[in-house]
Structures are given as C-alpha cells and as structure tokens.
Amino acid sequence: MSGTRLPFAFARDNQVALDETTLLTGPEATMNGLRAARRAAGRPVDPEALDLDAFQARLSRLYDTGKEEGGEVAFDLEDNPQRAARDILEDPEDAPVIRLVNQLLRQAVRGAASDLHLEPHEDGLRARMRIDGTMQNVFDRRDVPARRVVSRLKVMAGLDIAETRLPQDGRIALRLGGRAIDVRLSTLPGHHGERVVMRLLDRSGGLMGLDRLGLSEENAARLNRLAALPNGIILATGPTGSGKTTTLYSLLRLADRRERTILTVEDPVEYDLPGISQTPVNPEIGLTFARGLRSILRQDPDVILVGEIRDGETAQVACEAALTGHLVFSSLHANSALSAVVRLRELGVEGYLIAATLRGVMAQRLVRRLCPACARHAPPTEAEAAQFRAQGVAVPDTLPHARGCDSCDETGFSGRVGVFDILDITEDLRAAIDSDASEVRLREAAGPRPTLMQSALALVAEGKTSLAEVRRVLGETP
C-alpha cells in the first residue's frame, strides 16, 4: 500500500481513496474528494469505480493495518445515538488510552469475537476475548490505567462515569467496512475496579443457510417441513451461546414468503432481517416479551419470533397465539428437546395446551470445527473406541485431532459447527404430553432417535471436530 493516504474520515465522507496507483471511488464520490486525492497522489492514477459495499470493504482493508500497536482503526463510532456520528480515527493521536481502546475493539471485530472482557486486578488490567466459545488472552499488563480505560468505554456507551458503585449497561454502535457492529456493554463493580464485558453483534450476519449450520440432509428436511407449517410453536433449546438465535433466524428465512407477515420481539435485536419488522423489548418502560407479543398479535402477523420464553405469561401468550392460527418461533433454556416440555409445564402451561400447540423442538450445541490445514488423524485408542460403542455408533478407522498452525492461531480449530437433536411431535408423543407424562415416559413415546451425543460422534467420524471437543461441550455422557 502506498505511503500516501488521505485521512480516513475524509476518504469515507467523500468516497475516494488511494490504493497504490489506483484511485478508488464510490457511487457518490465528490469533486472535492477527487481533486484532493489527485493532489495527494502527485502522479497519474488509474480510477476504479466501485459500488457502495465494495468501496466500504476496500476502505476497511486499506485503513485497518492489522498491527497490534499504533494501527489505524477503520471504525465509525456513535458515542450516543442522539449525537452526531464521531469517528475514532479523528481522536487525538497522542492519547494512549484512546488508542488502546480502539485497538481492542478492532482486534475483537477482526477476530470474530463474541465477547470482550476487561478485568481489573491488583497489578493492572487483563483483557480476554471469547472466540468460538472459548476464552483467549489478549494481554495482562501492569502499565495500563484500568480506570481510564473503563471511563473511556463508559463515555463511548453514554454511561455515567462518576457512578462506579452500581452496575450499568450501555451500547456502542460501530461500523467496519460496511458491517454494522452493535456492542452491548455491561459494567460490574469489583474490589479492584469496574469489570467490563462487551457483547459484539455483527448485525449483518444473522441470516445463514441451513447448509452452513451443519445440519444433516435429514434434519434440514425436518426444519423445512416445520417452517412451512401454518401454525403452532417451534422451540430452540440449549444453553447460552449455543446458536439458538442463529437457527431461529434461519427458520425465519425459510418461512419468509411474499404472502406472509413476519414480526419479531427480541432482547436485543441481534441482527437486521430485511423485510421483517423487529421490536426490541424495554423492561424499564414495561415493554416485556409478554406485552410485546400481545401487541404484535394486533398487527395481523402470520409468523412471530419471540426472542426467549422466560416466564409463564410469555409462554401462555405464545401458546394462545399458536392456538389462534399463528406460527411462533422461540427459544427456551432446557438441556434437551424433551425437557422443553417439562420446562413449559414448570412455567405453568397446561399439558393439553402444550400438546395442542407444540409442533417441534430443536436441541442444539456448538462445537469447534477442526482447522483443515493442520488436523491430524490417528487410530482410536481403546478408551476412545469404547465411547463410540457405548453410544451405539460405529467406531471409525481413524479419529481427527487438533494440532495448531498459523492459520488457526495455534488453536487447532477454525469456526464452529452445530450439533442438533430435532424432535417432531408425533401423535403418540402428543398423547403422552396431554396426559402430563414424566420425561421418562415422554422418551418412550418419542421412540428410538439419535441423541445429541450420537450426532456429535457422527461429526467426529466425519472429521469435522475432535472427540476432546465433544467431551468439552457435551460431557462424558449424553
């Protein structure tokens, strides 16, 4: 890249940029920008016209140097939605705290981290990121002024920097290369200062095809069938961070028809879904899931997504909505597909109502995908083979193992893949639910079907993940 570079804010606003001997222009490049670019180049340049998305992506690559120290950060930042957008590249270059915060945010976005943790301790500040579900160290330094770093983040999120005794929640809106990044910030007072955790949401990445989720052909066909139903409730279950929201959004994509109206109520709105009306909950003013769902029912919807069923009122309204001809998607915290029925009972929903409205349940987990560049294979040991035999799964000739290389940052893994257990509500199972049968009886009524562990071992046999990773996520038993 050429040493001649226009200021980032000028290049972005005027849609012009210099890349070696090429003059990049966006669809709304200004004459002022073109003149300044040619003056800055000081030599003939070849113009290259790009559409908006391509220009923003090239701009991001040009200004995001990838350096750990002192690199420019191609972010747009809104300190507060009520104030004009501000660019962190316009901050004073001699402010080390600002540069450090910018570097952390850039590194987290570039690394596709889901969370960024800042943890003050007696000797300084530790920063960690959660990538592919596991925590990775960024730094642990004594020379970092933890309080000033936390104050900078609180200012960016519009929080009260004078209040250090109470937890606070805020939001930072960033944009990188045309991608909208929503940062949800949470502070928690501690013995050595305020702990800060930021959840990073790439709002442009929610819609994902079933093939990218890791579904087998049989499970993909089941989901297609469930999404085409005219009414009923379809639940996604699993612990926090198991990919429930992404799967539900993919189901909405399947259900999206020109003749259907789709509305959602979420906390928060994690991804932008084109053509779908999305409503964020706001408990501070009384807009809960239950109240939002009741309001949505007056908007003539065909398909409804409820971000999460957390209480009995939301569960009851969701069942009533399904009973009156709506297709309802939602998530529920339960360990398995069948335990979702027990969980609905605990929330106060009558068995007959569950039996009448529940159409399908997806239990899922996320396991890390082995890096294809460095994965090694070896014959299974006797202990490893015994785990396959205990689950009734054929023992493969070789098992894949993580090794680590430059392309996967020495982790041995790259990305994640879903493990699914999709339960169709059959007539026998519906009768058992209606009679308030126990979970053991429900399992008998469901008949023989692959467990989550069996599905995970099948992924190991296919070489997609390792046995150690399956044990980390699912434990030793199904």
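**Notes on the structure**

1. Cys-319 is buried, its relative accessible area being 1%. Here buried stands for under 20% relative accessible area, exposed for over 50%, and partly exposed for values in between, with a 1.4 Å probe and protein chains only. Cys-405 also counts as buried, at a relative accessible area of 16%. The sulfur of Cys-405 lies 3.7 Å from the closest cysteine sulfur, that of Cys-374, and this is too far for a bond. A disulfide is a covalent bond between the sulfur atoms of two cysteines. By the criterion applied here, a pair of cysteine sulfur atoms within 2.5 Å, the structure holds zero disulfides.

2. On the basis of the model: it is predicted, so that local features need pLDDT of at least 70 and side-chain atom pairs count only at pLDDT 80 or more, while totals for chains, interfaces and linings use all residues. Residues are numbered from 1 along each chain as its sequence is written, and side-chain values use heavy atoms, with hydrogens and water left out.

3. On the protein as a whole: its secondary structure comprises 17 helices and 19 strands. These are DSSP runs numbered from the N terminus, helices being H or I of at least four residues and strands E of at least two. Of the 478 residues, 50% count as buried. The protein exposes about 22800 Å², of which carbon and sulfur atoms supply 47%; accessible areas come from the Shrake-Rupley method with a 1.4 Å probe, and for residues only the protein chains shown count as cover. Among contacts (heavy atoms within 4.5 Å) with a separation of 6 or more, 63% join residues 24 or more positions apart.

4. In what order do the seven strands of the open sheet run? The order is 13-12-14-15-11-16-19, with mixed pairing; two strands pair if DSSP finds at least two bridges between them. Strand 13 (277–280) and strand 19 (413–424) are the edges, and each has a single partner strand, so one side of each lacks a neighbour in the sheet. From one strand to the next the twist averages 20°. Axes are lines fitted to C-alpha atoms, for helices over the stretch in contact, and angles run from 0 to 180 degrees between N-to-C directions.

5. Within this sheet, strand 14 (residues 303–306) and strand 15 (residues 327–332) pair in the parallel sense over four bridges. Leu-305 stands opposite Phe-329 of strand 15. Helix 7 (residues 217–227) packs on the sheet, where its contacts include strand 11 (232–237) and strand 16 (358–370), and its direction makes about 60° with that of strand 19. Helix 8 (residues 244–255) packs on the sheet as well, touching strand 12 (262–266) among others, and its direction makes about 170° with that of strand 15.

6. Salt bridges are counted where a side-chain nitrogen of Lys or Arg is within 4 Å of a carboxyl oxygen of Asp or Glu; the count comes to 27. Arg-128 and Glu-119 form one at 2.9 Å, N to O, and both residues are buried. A network of salt bridges links Glu-119, Arg-126, Arg-128 and Arg-195.

7. Arg-165 and Glu-163 meet in a salt bridge at 3.4 Å, N to O. Arg-165 is exposed, at 68% relative accessible area, whereas Glu-163 is buried, at 16%.

8. Asp-424 and Arg-222 meet in a salt bridge at 3.9 Å, N to O. This pair connects distant parts of the chain, with Asp-424 in strand 19 and Arg-222 in helix 7, 202 residues apart. Asp-424 counts as partly exposed, at 22% relative accessibility.
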